[in-house]
Amino acid sequence: MVELNTERLDAVFNALGDPTRRQMLRLLADGERTIGELAAPFDMSFAGASKHVKTLENAGLISRIVQGRTHLCTLEAAPLAAAEDWLRFYQGFWTERLDALERELESANKKRRK
């Protein structure tokens with residue numbers, strides 16, 4: 001299992017815990033955006049959007065380039081892949097549990113038919 005350091009993993013999941021930031025990441029998946037462009041769908045100020053961008057940036061999920069007064073943001077997918085790797089461990093756990101439940105239900109169903 002791939003391990004991220006605990007602080008980075010906490011930062012990634014904290015950043016993903018907010019629906020506005022998740023939507024910003026979706027927008028960035030289509031290409032780079034300015035902070036103003038990221039703010040537009042939410043009718044929020046530049047300052048409000050900038051706080052969300054800073055959280056995403058601190059988690060390593062985006063990078064920001066400042067060109068004069070324009071802040072251009074780009075998606076950085078590597079931390080998402082690492083978080084997915086961490087979650088994949090639990091996917092196996094739930095798959096195993098659901099398979100066991102299915103076997104139990106099939107067994108109970110066969111007993112009722114007899």
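A residue counts as buried under 20% relative accessible area, as exposed over 50%, and as partly exposed in between. The model treated here is predicted.

**Exercise 1.** Classify Trp 86 and Tyr 90 as buried, partly exposed or exposed.

Solution. Trp 86 has a relative accessible area of 24%. This value lies between 20% and 50%, so Trp 86 is partly exposed. For Tyr 90 the relative accessible area is 35%, and Tyr 90 is therefore partly exposed.

**Exercise 2.** Determine the geometry of the ring pair Trp 86 and Tyr 90.

Solution. Begin with the search of the whole structure, which finds three aromatic pairs. For Trp 86 and Tyr 90, the ring centres are 5.1 Å apart, within the 6.5 Å cut-off. Together with Phe 13 and Phe 89, they form one aromatic cluster.

**Exercise 3.** Describe how helix H1 (residues 6-16) and helix H5 (residues 78-113) are arranged, and state which residues make the contact.

Solution. The two axes come within 10 Å and cross at roughly 100°. The range 65 to 115 degrees counts as roughly perpendicular, so H1 and H5 are roughly perpendicular to each other. From H1, the contact uses Leu 9, Val 12, Phe 13 and Leu 16; from H5, Pro 79, Leu 80, Ala 83, Trp 86 and Leu 87. By class, this gives nine nonpolar, no polar and no charged residues.

**Exercise 4.** State where confidence is lowest and highest in the protein chain.

Solution. The chain averages a pLDDT of 89, and 96% of the residues score at least 70. Confidence is lowest in H5, at a mean of 83, and highest in helix H2 (residues 19-29), at 97.

Terms used: Residues are numbered from 1 along each chain as its sequence is written. This is a predicted model: local features need pLDDT of at least 70, side-chain atom pairs count only at pLDDT 80 or more; totals for chains, interfaces and linings use all residues. Side-chain values use heavy atoms; hydrogens and water are left out. Axes are lines fitted to C-alpha atoms, for helices over the stretch in contact, and angles run from 0 to 180 degrees between N-to-C directions. Helices (H or I, at least four residues) and strands (E, at least two) are DSSP runs, numbered from the N terminus. Angles under 35 degrees count as roughly parallel, over 145 as roughly antiparallel, 65 to 115 as roughly perpendicular and the rest as oblique. Contact means heavy atoms within 4.5 Å. Ala, Val, Leu, Ile, Met, Phe, Trp, Tyr, Cys and Pro count as nonpolar, Asp, Glu, Lys and Arg as charged, and the others, Gly among them, as polar. pLDDT is the predictor's confidence in each residue, from 0 to 100. Rings of Phe, Tyr and Trp (its six-membered ring) pair if their centres lie within 6.5 Å; planes under 30 degrees apart count as stacked, over 60 as edge-to-face and the rest as tilted. Buried means under 20% relative accessible area, exposed over 50%, partly exposed in between (1.4 Å probe, protein chains only).
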